[in-house]
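Subject: Structure handover

Hello,

Here is the structure I promised you. Please open it and keep it beside this email while you read.

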Amino acid sequence: MLPFKLAYDDRYDLHLGAHVFPSQKYRLVRDGLLRDGIASREDFLAPEPASDEDVLRVHSKEYVYKLKTGTLTYAEILRMEVPYSPELIEACWLAAGGSILAGRRALGDGWSANIGGGFHHAYPDHGEGFCVIHDVAIAIRRLQFEGAIERAMVVDTDVHQGNGTAAIFGGDGTVFTLSIHQESNYPYPKPPSTLDIDLPDGMRDEDYLAILEKHLHQAFHDFSPQLLFYLGGADPYREDQLGGLALTIEGLARRDGLVFDYARRHNVPVAITLAGGYARNVADTVRIHTNTILAAREAAEPSSAAARGK
Ligand SMILES: [Zn+2]
C-alpha cells in the first residue's frame, strides 16, 4: 500500500512504564499506520539485529563488551538515562539493524523508514540521553563498507543537537552532518556538525522553516550525497516536555516535506528514523511521527497524492 518499506520490530518497545521516554510510541505508530489504512502488513519488514561487527565499526571494543556483558558502571548507566537490561541491548541492536535495512531499501526503492532509531546522542565509547548505540552511524558505516555508498548526509531535526553524530563523523569528508536544534538545551558540549543551526528558544513555524530551507539549500550546494538519513525528531513541538521550540504539528509536517522535497529534487534516496519526542500527550508524538511517513509518501508519489485530493 505504501510505495516504500518500513522496518519495525515489537521488541523496539522497552516497556519503560512512566519514563519520560515513551518507547511504546514505536508500536503506536505501527498500529496507527495499519488502523488508518496508510500501510498494510506487507509494508513492514522485520530487521535482523545488527552484527557485532557492524556495531564495532562505530563503537569501541570496550564499550560494546560492557553493553553485552552487563558490566557498565553505575555512572555509565545513569548517563544513558535508560535502565540497563538484556532487552535494552536486544532492542538497540535491532534498531541498528532496522536503520541498516531502511538504508538499503532506500537505495533500492528511493524511500524507506525505520519506525524506530535516530539515537544520535550515542558516542563511540559511551551512551547518553536515551541513546545506547548510534544506529544511523552503524548503518552508514555498514553501507560504506559494502561499497553500496561512498557519501551520506545526515539531516537531524530533533530539538537536541546531534552530538554523537558530530563526534563520530567529525573530520570525515564522506559524511555531511546537518543539525537544526535549540541552542540552549541538552547536550553540552555540542561538538561541531558539518552544519549546525542553533535556534533561540520559542521559535515558531515560519521562522524555523525559512532558516531550515536556507541551510538545506547550502547543504545541497556544498555536498552531493548518495543517501540521506533523516532524523525526524518530534520534539521541536511546542507541547514537548524536553524541548523549548514552538512548532505546531502542522509546522513539523511542513518541515518533513521541505527536507523530502530537497532530497527528491536532487535525486537522493531517503532513509527515515524517528529520533526523540516527549509531548505531554503521547498521541501528539505519534501523530507527528505518522505525519513524517505521510510526507514521505507524498514526496515518493506526488501524482497519487494529487489523486487522493491532497
Ligand atoms: Zn531530542
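A residue is called buried when its relative accessible area is under 20%. Keep that cut-off in mind for what follows. One caution before the findings: this is a predicted model.

The zinc site

Start at the zinc ion. Its protein donors come from Asp158, His160 and Asp235. The angles between the four donor atoms run from 53 to 154°, so the arrangement is irregular. For tetrahedral, all angles would have to lie between 85 and 135 degrees.

Now look at the sequence. The donor residues follow the spacing D-x1-H-x74-D. His160 and Asp235 are 75 residues apart, and they link distant parts of the chain. His160 sits in the loop between β4 and α7. Asp235 sits in the loop between β7 and α9. Are these two buried or exposed? Both His160 and Asp235 are buried.

Ser112

Next, find strand β3, residues 111-114, which holds Ser112. The relative accessible area of Ser112 is 1%, so this residue counts as buried. Its side chain reaches the backbone oxygen of Lys5 at 2.8 Å. Beyond its neighbours within four places in sequence, Ser112 is in contact with several residues, including Phe4, Ala102, Arg105 and Val270.

Aromatic rings

How many aromatic pairs does the structure hold? There are ten. One of them is Trp111 with Phe260, an edge-to-face pair. Their centres are 5.5 Å apart, with 80° between the planes. Trp111 is in strand β3 and Phe260 is in helix α9, 149 residues apart. Trp111 and Phe260 are both buried.

Phe176 and Phe223 form a tilted pair, at 5.5 Å centre to centre and 40° between the planes. Phe176 belongs to strand β5, and Phe223 to the loop between α8 and β7. They are 47 residues apart. Phe176 and Phe223 are buried too.

There is also a cluster. Ring pairs link Tyr8, Tyr12, Phe21, Tyr26, Phe44, Phe130 and Tyr278.

Finally, check two arginines. Arg57 lies over the face of Phe145, 4.0 Å from the ring centre. Arg265 lies over the face of Tyr262, at 4.7 Å from the ring centre.

Best wishes

Definitions and conventions:
Residues numbered from 1 in each chain as written. Predicted model: local features only at pLDDT ≥ 70, side-chain atom pairs only at ≥ 80, totals over all residues. Heavy atoms only, no water. Donors = N, O, S within 2.8 Å, 3.2 Å for Na, K, Ca; no water. Tetrahedral: all angles 85-135°; square planar, octahedral: opposite > 155°, others 65-115°. Helix = DSSP H or I, 4+ residues; strand = E, 2+ residues; numbered from the N terminus. Buried < 20%, exposed > 50% of the residue type's maximum accessible area, 1.4 Å probe, protein only. Polar contact = N/O pair within 3.5 Å; in protein donor to acceptor, adjacent residues only side chain to side chain. Contact = heavy atoms within 4.5 Å. Phe/Tyr/Trp six-rings, centres within 6.5 Å; stacked < 30°, edge-to-face > 60°. Lys NZ or Arg CZ within 6 Å of the ring centre and 35° of its normal.
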